[in-house]
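Let's take a quick tour of this protein together. Have the sequence and the 3D view open, and follow along residue by residue.

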Amino acid sequence: RLAAWNMLQRNLSWLVQIVQNTAQYSRLANIEELDFEVMDTGRIFRDVVDRLGHGWREKCLEVEFTRPEECLAAFNPMTEEVFLDVFSNAVEFSPAGGRIAIYVRDEETRWIFSVRDS
């Protein structure tokens with residue numbers, strides 16, 4: 001019964017997270033209502049990695065972060081939450097001792113962000 005209860009709690013927590021994410025991302029649907037500011041998105045991603053440092057260090061994950069010196073772009077401040085979701089998923093689903101690689105690439109008219117995990 002305890003195992004079933006724990007599974008129920010995990011699934012409920014997962015569903016709550018989905019609802020919260022859906023509500024948050026639905027605000028992105030109407031771009032005219034969003035505020036944009038010039039931000040160094042590479043720095044934001046670095047801050048996200050630092051914020052989740054306990055989680056990835058506890059699992060002995062290797063985190064590689066490759067980015068240009070500056071990654072300035074007009075972004076909505078909610079961008080950090082998107083990065084946080086992506087990186088936290090990589091931490092959660094990587095096996096202990098695994099590796100997470102984050103790449104930020106400048107393609108002149110856009111930035112390409114990628115996260116790969118083991």
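Start with Cys 60, which is exposed, with a relative accessible area of 57%. Keep in mind that you're looking at a predicted model.

- Most residues other than glycine have a negative phi.
- Cys 60 isn't a glycine, yet its phi is positive, at about 55 degrees.
- You'll find Cys 60 in the loop between α3 (53–58) and β2 (62–66).
- Glu 108 isn't a glycine either, and its phi is positive too, at about 65 degrees.
- Look for Glu 108 in the loop that links β4 (99–106) and β5 (111–117).
- Glu 108 has 78% relative accessibility, so it counts as exposed, since the cut-off for exposed is over 50%.

**A nonpolar patch on the surface**
- Leu 2, Trp 5 and Leu 8 make up a nonpolar surface patch, and together they have about 360 Å² of accessible area.

**The largest pocket**
- The largest pocket holds about 300 Å³ of space.
- It's lined by 11 residues, and the closest to its centre are Trp 14, Gln 17, Asn 89, Glu 92 and Phe 93.
- Both α1 (2–26) and α4 (79–93) supply at least two lining residues each.
- Helix α1 gives the largest share of the lining, with six residues.
- By type, the lining splits into three nonpolar, five polar and three charged residues.

Note on methods
Residues are numbered from 1 along each chain as its sequence is written. This is a predicted model: local features need pLDDT of at least 70, side-chain atom pairs count only at pLDDT 80 or more; totals for chains, interfaces and linings use all residues. Side-chain values use heavy atoms; hydrogens and water are left out. On a 1 Å grid over the protein atoms alone, a cavity is a set of points where a 1.4 Å probe fits but cannot get out, and a pocket is an open set with protein on both sides within 12 Å along at least five of seven lines; lining residues have an atom within 4 Å of a point. Grid points are joined across faces, edges and corners, and a volume is the space filled by probe spheres set on the points. Helices (H or I, at least four residues) and strands (E, at least two) are DSSP runs, numbered from the N terminus. Ala, Val, Leu, Ile, Met, Phe, Trp, Tyr, Cys and Pro count as nonpolar, Asp, Glu, Lys and Arg as charged, and the others, Gly among them, as polar. Patches are made of residues with over 30% relative accessible area and no salt bridge: like charges are joined within 9 Å, nonpolar side chains (Val, Leu, Ile, Met, Phe, Trp, Tyr) within 5 Å. Accessible areas come from the Shrake-Rupley method with a 1.4 Å probe; for residues, only the protein chains shown count as cover. A salt bridge is a side-chain nitrogen of Lys or Arg within 4 Å of a carboxyl oxygen of Asp or Glu. Buried means under 20% relative accessible area, exposed over 50%, partly exposed in between (1.4 Å probe, protein chains only).
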